[in-house]
Every structure is written in C-alpha cells, then in structure tokens.
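I opened the notebook to record what I looked up in this structure, entry by entry. Each entry keeps to one part of the chain.

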Amino acid sequence: MGSRLPSGTVAFLFTDIEGSTARWERERDAMAVAVERHLALLKQAVAAEGGVPFKVVGDALQAAFATAPAAVAAALAAQRALLAEEWEAVGPLRVRMALHAGEAEPDAHGDYLAPALNRLSRLLATGHGGQVLLSQAVQQLARDALPDGASLRDLGAHRLRDLLEPEEVFQLCHPDLPADFPPLKSLDARPNNLPRQPTPFLGREREVREVVALLERDDVRLLTLTGTGGSGKTRLALQAAAEALDAFPDGAAFVALAPLTDPALVPSAVAQALDAPEQGGRPVIDLLRDRLAEKRFLLILDNCEHLLDAAADLVAELLAACPRLVVLATSRAPLRLRAEREWEVLPMELPPRPPPLPTAEQVSPFAAVRLFVERARAIRPSFVVDNAIAPAIAEICWRLDGLPLAIELAAARIRLFSPTALLARLEKRLPLLTGGARDAPDRQRTLRDTIAWSHDLLDQEERIAFRRLSAFAGGFSLGAAEAVANAGGDLDIIGLMERLCQHSLLRQEEDAGSEPRFAMLETVREFATERLAESGEEAATRDAHAAFFSALAEQARVAMLGPDEASWHARLTVEHGNVRAALGWLLERQQADAALALAVGVRRFWEFRYHYAEGIAWLERALAAAGPEPTRTRAWGLRSLGNLVFVSGDARRAAELYEEALAIFRAEGDDEGASLALASLAIVRTALGALAAARAAAEEGLVVSRRIGDLRGEAYALRGIGFAASVAGDLQAAAVAYDAAVAAFRTLGELWAGLSTLTELGWIALQQGDLPRARALGEEAKERAHAEADLPLELHADMLLGRVALEEGDVDAADALLTGAITGFTELSEASWAATAKLTLAAVAARREDASRARTLATDALATQRAAGTPIVLVVALMEAAGVLADLDDAPAAAGLIAEALELARSGEFQIVETEAVEGVVWALAATGDALGAARMLGAAATMREATERDMPPTRRRRLEAAERAAQMSLDKNDFDAAFAAGAALAWEAVTTEALAIATTLAKTPTANSQ
C-alpha cells in the first residue's frame, strides 16, 4: 500500500458533498460529525486501492492513484460505503465524484500543480450528488479492468468551464449505485457563445472567485476589468463568465469589439453576438432592449478602450432598460458610468525577488511562474524547473511585470534559448522601462518592448509577413494570407505563418472548420500595424487586402444566387471584419466605385443575415463618395440599397431608389439590371397599393428577361406578377405566376426566393379554400427550409400551417405552430412577421372563446403594423383583426376596423380586400339585426366575389353563410330576394361607398360585447 505520492501518469479522484453549505448552516455540530465520518470512509476506500489522499478542502477530498482502474475501484467502493452508512442526524450525504488522469509530479509539500487537476475540478462541478464521472482519459485506461458488475455510460461530449475542447464524459454504473441523474451542469446547460480556448487557464483562481462573486451580487450591474494590454483581461473575463454561468439562466454572450473601428457598429456587433438580427429600420438599440428586457443575462464586452464612448453609451442604455442584465467589460480605461464597478486586473502573482536566490520549490507555486513553465512545456515537454534555472525564470517573470502575454511570448523562445540565455537577451532588450509614450503606464511600455523584443528575434522574411498580416481584421485563412502578404510570390507564407505561430505572434483559431484560420492578438496586431506603417508597404498591403476581399465579394455575389448560398453566408459571417476593413480602406483611398462594387457583392449577405442597418450605412457612404454620375455601378448600388431599405420597412424610399436605378439601367442598355429593378419595383409598388403600376413593371420585366434569356430575371418578374395579382384578388393568375416562378427558382437553385414563393402559393391555395394543397405546400416548404437550417423560412411555413390547422378546426396544432412562429420571429427581430402570426393566433384564441387573449394579440399586432405604415400590410392586418372581433361577436369594433380598411383600400385595385370588407359588413349588419341591409350587401358581395374568386377559406364562408341564414329567417323571401337583387345591381364604387358609410355608422353603436 504505502503513502508515497505517484508521479508520471497519475489518476486523480476528486469528491465533494452536494448541498453541504446549507447543511453546515442548519446543523453545524451534527454536520461536523457526519463530514468526519464521510472523510474516514473515503480515505479507507482510497487506501484499500493503493491511493493516497493528498488534500482535504472543507468536505472535499483529493486523492492520487498510480493506475486508473484502482481509482475507479476506490470511487465505487467509497460510494457503496457512503450509501450503506446510517446518517440519522443529517440525512443521507450525497457525494459527487470525478476522475481524470494526466502527467503530474508531486511537489515537496505533497501537492500537485498539474493542469489535469484544473480539468478535473471543472469535471466535478458538472456532476450531481451520488454520481461518479470519468474523463475520456480514465475511461480509456480503465475500461478493460472495471470492478465486477460495473459498467460505463457514455454521457457524450460536454464543454467544461475551463473553455478547452469538450470532454467526452462517462458515468460509472453499478447495481448498487443510483443510475439516473439530471443533465450535467456543463457550459451546454446555459445558452452562450463563450469561445473555446487553445490552452488551459492557469493561476488567478482567487481573482476568478472575486470576479464571480461580484457578478453574482444584485447590486453589481456593470463590472469593468481594467488593465494594460496583455494583462489577461479577456481570459479572466471568459473564465469568470464560465464559472458564473449558473447565475444567469438566460445565458451569456461574448462580444469581441477589437475588430471594429467604427463606433457606430458597436450595437450591431452586440446584436450579432446575441443572434438578434437587425430588422425593419428600427434602431439596433431598440432591438437589443427588446431582446434583453426581462432576461437574467450576462453580456461580455471585450476590448472597449478604442470605442469607449460608443460602448459606454450602449451599456448605459441597456442597463437602464434591462433591469436583470449584467455587463462584464474589459478595457484599458473605465467606461465611467455611475453603475460601473471597476476591478483592476493586476499582474500575475510573482515570487519574491532575490536576494536570496529562490529555489525551484519556492518559485513553483506562483501563478506567473506556473504560466511560464506550462507554456514552455507545451513547446518542450521535457522542460523541468530545477534550482539552477529557477532564479532566471523568476527574474524573467519579474522583468515582464507578470503580464500573461509577455510571459507567453518569452516562453515561446524556450525552443531556442535556455532560461538563462533568454534572460540575457531580455536584459539587453529591456535594461529599463523605455519606449512608448512618457505618460503611458509602465506595464504598457514594458509590453510594447516585450513584443518589440520578440519581433527583433524574427528574421527578415518573418518580419515582412508579420507586419503584412496585420492588415487582416478578425482573422484570415491561408489563401487570404498568401494573396495579401505574398502578393509578389517571393515568400514561403505557409512556413512563415507556422514560425510566427511558434513565436506566439500568430495563433491558429479554434473551430475554424476544415480550412485553417489564423489571427493575431489585438495588442500584437497593433504593434504589427505600426511596423507596417513604418515600412512604406502599408498602401500596397491594404490595397492587396481590399482587392482580395473585393474579389471574394464578387465571387460570393454570384455564388449566393445558387445552391451554395448558405455556405457563402457562413463564410461571409467569418470574414465580416475583413469586409469592413476593406470597405473602410477603399473609401479612405477614395476608390468609391470599388467600395460600391464590394458593398453590392455582399448585399445579399447583409439582407438575408439581417445586417440591414450596417448594409444601408456602407451603401449610402459608397454612393455618396461615388457621386451622382449615372453609371451602371451606381445603378446596382441603388438597387442594393433599395432592397435593404425595403426590408427595413421604408417602401416609399425603396421605390425612389429602384426608380433611379431603373432609369440608369435603361440609359446604359443594361437589360439584366433593368429586369431586376422592374421586378423589385413591382413588389414595392404592390406593397404601396399601386397595383396597376406594379403589374406594368412586372410584365415589362418579364418581357425584357425573356428577350435576353435571363431565367433569374424571369423568375423574379413572375414573382412580382403573382404578388400583384394576389393582392388584386386574381388568385388564379397569382397561382399560375407563382407556380412558374417556383419552377424557375428550383432550376436556378435559389433557396430563399424559391421557398418564399412556395409558401406564397400555399397562402393562395388557402384563400381559394383548397386546404389540402395549402397544407402540402406548407409542409414541403417547412421540410426544405429545415433541411437547409433556414429558420426564417421555416417560420413562414409554420405560420401558413398554423392557419391551415385553424381552418381545419385543429386549434391545438394551430396554437403550437403559431406560438412557435411568434417566438422565432421575435428572436429574429422580425416584428412585422411576428405581428402577422399574432393575428392568426388571436383567431385561435377567439375560437377558444378566450376573448382577453384574442383582443390583446390583435391589438398588439395592429399597433406594430400601423407603426410600419406599409399600406397593403396594414389593410390585410385590419381585415384579419376584424375577423377576430367578429368571432367574439363584437360587431361595432369589427365594423370600425372594416371602415378603416376600406378607407385605405378604396382604389378599385384591392378588389379581394374590398370584397372581404363588404362581406364583413354583411355579418355586422346581420349581427346588429339589420336583416334588410344584410341582404342588400349580400347581393353586392356576391357580384364582387364573381369578379374576384368564387371560393374562400372555410372560416369566412361559415361566417357569411350564418349571416345569410339570419337575414333569410328574419325576412319574407320576396323582401330578401329584392334586397339581394338591388345590392347585386350596384356598381363596384357605389358598393364600397355604401359599405364604408354602413361600417362607420355601426362602429359608433356600442353593444354588450364591445370593449
């Protein structure tokens, strides 16, 4: 047995008691006795398998074993003993256990300082009382030598709170042990985007605890970690966020501000991290307030110093509007807000400075030394700290002020230099704190010189690559590096990047997918940028960077029109920082046409990934810089801007932009551009209610596109024809046009336009009363959208399917589909579409006789659509809401909405809306007892229906038939027939005028059901 601590590959067992803190507070004396007994049982089980308990912290035990099977056997024996014990005074003690294995050496004090212990602590924290968890390392070492009756259950890969690669976790199972537990309390249990880290978090355990404690306090709303560049603010913030995640049930989001240069983009960066896409022309801050208003959420803003005012303004607004939000910021300077709690990130803990010269034992526990040693071992696994080199390591850490980045840069040189030689070179480079601005903090100047020292050790080609790579913002691929940093083709850029990674001046990013991706730490990039400016190569390098991403944008523009659209959206998401940098440089260099072409290239990405505000801003800047000369480039820019403005909710401005673009296309003889501009005009004119002009534009676009053989232009023109026809009430013509458009989009491989049109076809079928076809189209659209992971398109299909379910009488299915659609559209900040779904859900609530819910939903939806101000959208919303109130037997309120709709739609072009309005007046008259008036309007409605469509959705048909029966029962047949015939003889305009007067009068007649 013995008590000698094992070394080499060591298996560790950690334990603690679940819920012990509360028990200590309630039953201190009884708990003290129980904990001692529990520790005795644990130590007995450990010793029986040859293990050595090396630390007890409160009620937690840590033990080391020479083999993994022994550690597993001890854990099983310990749990069985704890379960068999009588705990009468305090009740059963539920002890969680975790096992991990790794290389480790005990120190002179009988403790270990191995990274494996940090990993094991994180693994233990995910478990539950009574549960035994194994890391993959232990599973592989022990799986063939498990105790009798024991087995392992694979719990899958879980992200632990050390933010390293996910750990494959296994549970020890045995007939004597509990089997079922809640899900592990890993990072996956809370929504977050905390990035994975390539190296373990070392040291600063006390600092992490302090920051976590502050984040969990109710009176701390804004905590800012301040300190110099390279002091480890970001890594400390990430680790603290991971540790504090349980206190934020709605999750956490990490926002890297370093790649941004424009303060106006700070809200957009936060929205992107929250997956809260911009929408409808609303200020981004409003979308953020809506997203975070009621959430207990942690927002981490990293590297605020260069955007201090913008970050502070945003945080102030969010904290005021979101009472449960907590912000954790990192910055070289405080935000200076009243709510701010500043926490300075000090250098890592350093050993005492000689004399006397410290020993290896004396320096090893200090965080700065631990960091240096572990990073050195990552390069030279055989690196060992002995008494000979311990003083040099301690002095290196001192000379670098304990700054993590500086220490990592120095440790990277262990490949070439011993610590003593390293210190000698460092002495020559940094004899005193020199360099940098006189008023800059000492540590900042030291860090700058440390980077300069590392830079000075590079050879000439490495320096060239280093400075040129600083042109990238937010990382880069190998191909991009080759094009930008090796435009002349005289460098081995791949080899140079590998060497820069070894120097820790470049890092390979985690989760970069199949193609390697690299980035510089921001502080390093700032230094490299200065070197680039001094070299005289800046203009050429940034020109090459802009040229590369301009070519990429053009490639994306073409590819996004086909089946690879989703993959290009993903690629442009990764490259967004570089696109911004390229646009900024081109505009700075007054290359407006190139900037405009680049912006046009990524417009579709901005549009379909909801970067509306940012896309509009860049296009407006580029168009202004290019000037008013009517070039083809300007025309494409105007059309791109029109698209973004339209989806943002400003249809009138979009129409003006499309008109200007069309005029230029025509003057330039660009038929392709003209056909697409005409198709866009058709859509926006329909939305504005100018249906004749919309049809003319779409039909002209169809002629042009067919003449030049442009299938894409033809598809969009057909879509415009279908939209105008559907609004006008010619549903058969709409269906024919939409069918042809869907076929064309399928041939082209255009996902968004094809599925969107397919869903529109489903709505046409619904309007025609063909529920089976409507359902089939909706299900097809949903299935394909789900396969492409396109949530907005899937939500549109759900909205259609929800309405079909309502018409079929399946209110439960309708409720579920529509509630999900509302939630999804709200999270996407698509307020108008959420409002459309709310109106149908209001109809579901009315069908269930839940009047309060129905009214609330309808009122909220109408408020949204009135604010948007798009005529056709509002008219349709008014009629939907009127139907809801009709189902609630509130005739005056329904009549009021019908009157409002007729006021907007009485142009003679919205024929189906006008027909539905007159049918609504029929119901309102019958409901208020005016049978003669109802019969007259029934005749008028029948004539109108003949002119549009002969069928209608079941709900509307049932409502109209009920009104007809009521009128017939109240009138003599001759009287009914005469009134019906008189109404049928009325001219269209006379009918709508009379219906409007009736609805206006009825709206002023309160009843018991009106509110």
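**Entry 1, ground rules.** I noted that this is a predicted model, in which local features need pLDDT of at least 70 and side-chain atom pairs count only at pLDDT 80 or more, while totals for chains, interfaces and linings use all residues. Residues are numbered from 1 along each chain as its sequence is written, and side-chain values use heavy atoms, with hydrogens and water left out.

I found 44 helices and 15 strands in the chain, where helices (H or I, at least four residues) and strands (E, at least two) are DSSP runs numbered from the N terminus. Along the principal axes, the C-alpha atoms fill a box of roughly 115 × 80 × 55 Å. Of the 1011 residues, 56% count as buried (under 20% relative accessible area, with exposed over 50% and partly exposed in between, for a 1.4 Å probe and protein chains only). Among the contacts with a separation of 6 or more, 72% come from residues 24 or more positions apart, a contact being heavy atoms within 4.5 Å.

I checked the length of H27 (residues 651-668): at 1.5 Å a residue its 18 residues should span 26 Å, and the end C-alpha atoms are 26 Å apart, which agrees; the expected span is 1.5 Å times one less than the number of residues. The buried residues of H27 include Ala651, Leu657, Tyr658, Ile664 and Phe665, and its buried residues pack against helix H26 (632-647) and helix H28 (671-688). Just after H27, Gly669 takes a positive phi of about 70°.

I read a packing angle of about 155° for H27 and H28, with their axes 9 Å apart; axes are lines fitted to C-alpha atoms, for helices over the stretch in contact, and angles run from 0 to 180 degrees between N-to-C directions.

H38 (residues 871-887) and helix H39 (residues 891-905) pack at an angle of about 160°, with their axes 8 Å apart. That makes H38 roughly antiparallel to H39. I listed among the residues that meet Leu874, Val875, Leu878 and Met879 in H38, and Ala893, Leu897, Ile898 and Glu900 in H39; the contact divides into 15 nonpolar, no polar and one charged. Val876 also lies in H38, and at 40% relative accessibility Val876 counts as partly exposed.

Gln590 is exposed, with a relative accessible area of 73%. Glu849, likewise not a glycine, has a positive phi of about 65°; Glu849 sits in the loop between helix H36 (831-847) and helix H37 (851-868), and is exposed at 70% relative accessible area.

Terms used:
Angles under 35 degrees count as roughly parallel, over 145 as roughly antiparallel, 65 to 115 as roughly perpendicular and the rest as oblique. Ala, Val, Leu, Ile, Met, Phe, Trp, Tyr, Cys and Pro count as nonpolar, Asp, Glu, Lys and Arg as charged, and the others, Gly among them, as polar.
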